[in-house]
Amino acid sequence: MDWYHEPPSWRIDGDTLTLTTAPQTDFWRAHTGEVHANGHFYAQPITGDFRAQVKVTGSYHSLYDQAGLMLQLDEANWLKCGIEFYQGRQHVSAVVTRHYSDWSLTPLPADPAALWLSLKREGAFIEILYALDGTTYHLLRHGYFPATERGLAGVMAASPKGPGFEARFKGLSIT
């Protein structure tokens, strides 16, 4: 795995990656032409269909602090999903970018201690699921995503508005 926009500090202990985000980092492509592509992305090359899974925790405190999974085909086609801090609480979030980013989010019943994510790709479709207990998964998004043979998949974190925060990723699996 390699870093794309390495964070200011990070470490790996066993199957856990812990990082601290830099301020003013994000992945976003606005319809106005504004592009943010400096979030932290720790990824490996993938080909064809795959499934990525991870447990995410973080000390979210500033607007849009975020951590989760990411799939990137190229600079204009990518998606990210995970926890995003919005209106003072944690939401499960997905951003799908096909030249321009869209955004969907759902408030969680309470700020969970952790969130488990599963991102599955089959052909030209993606499926994003999340669990609060590591067992019972809920569908967040199922939809079209351009079919291609090559891409990058891994974990991402960013702090678009805040000074940075600590995020942890445990048990990342990409198969």
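**Figure 1. The largest pocket and the residues that line it.** In this predicted model, the largest pocket is lined by 15 residues, and those nearest its centre are Asp26, Trp28, Tyr64, Pro160 and Lys161. Strand S4 (27–29) and strand S9 (77–86) are the elements that give two or more residues to this lining, where strands are DSSP runs of E of at least two residues, numbered from the N terminus. A pocket is defined on a 1 Å grid over the protein atoms alone as an open set of points where a 1.4 Å probe fits, with protein on both sides within 12 Å along at least five of seven lines, and its lining residues have an atom within 4 Å of a point. The volume of the largest pocket is about 280 Å³, taken as the space filled by probe spheres set on grid points that are joined across faces, edges and corners. Its lining divides into six nonpolar, five polar and four charged residues; Ala, Val, Leu, Ile, Met, Phe, Trp, Tyr, Cys and Pro count as nonpolar, Asp, Glu, Lys and Arg as charged, and the others, Gly among them, as polar.

Residues are numbered from 1 along each chain as its sequence is written, and side-chain values use heavy atoms, with hydrogens and water left out. Because the model is predicted, local features need pLDDT of at least 70 and side-chain atom pairs count only at pLDDT 80 or more, whereas totals for chains, interfaces and linings use all residues.

**Figure 2. Tyrosine 64 in its loop.** Tyrosine 64 lies in the loop between strand S7 (50–58) and strand S8 (66–74), and its phi is near 70 degrees, a positive value in a residue other than glycine. With 24% relative accessibility, tyrosine 64 counts as partly exposed, a class that falls between buried (under 20% relative accessible area) and exposed (over 50%), as computed with a 1.4 Å probe on protein chains only.

**Figure 3. The second largest pocket and histidine 5.** The second largest pocket holds about 160 Å³ of space, and the residues lining it include Tyr4, His5, Ala37, Phe41 and Trp78. Both S4 and strand S5 (35–37) supply at least two residues of this lining, which divides into seven nonpolar, three polar and two charged residues. Histidine 5 is found in the loop between strand S1 (2–4) and strand S2 (9–13) and is partly exposed, at 42% relative accessibility. The side chain of histidine 5 reaches the backbone oxygen of alanine 37 at 2.8 Å, while the C-alpha atoms of these two residues, 32 residues apart along the chain, are separated by 8.8 Å.

**Figure 4. Threonine 97 in strand S10.** Threonine 97 is part of strand S10 (residues 89–98) and is buried, with a relative accessible area of 0%. Leaving aside neighbours within four places in sequence, threonine 97 is in contact (heavy atoms within 4.5 Å) with Arg29, Ala76, Asn77, Trp78 and Phe145.

**Figure 5. Leucine 71 and the nonpolar cores.** A nonpolar core is a set of buried Ala, Val, Leu, Ile, Met, Phe, Trp, Tyr and Cys residues joined through side-chain atoms within 4.5 Å. The largest such core has 37 residues, and Leu71 and Phe169 have the most contacts inside it. Apart from this core lies another, of eight residues, among them Ala43, Met70, Trp78 and Val95. Not counting residues up to four places away in sequence, leucine 71 touches several residues, including Ile46, Phe50, Trp78, Leu79 and Phe145.

Note on methods: Helices (H or I, at least four residues) and strands (E, at least two) are DSSP runs, numbered from the N terminus. A polar contact is a pair of N or O atoms within 3.5 Å; within protein, one must be able to donate a hydrogen and the other to accept it, and residues adjacent in sequence count only if both atoms are side-chain atoms.
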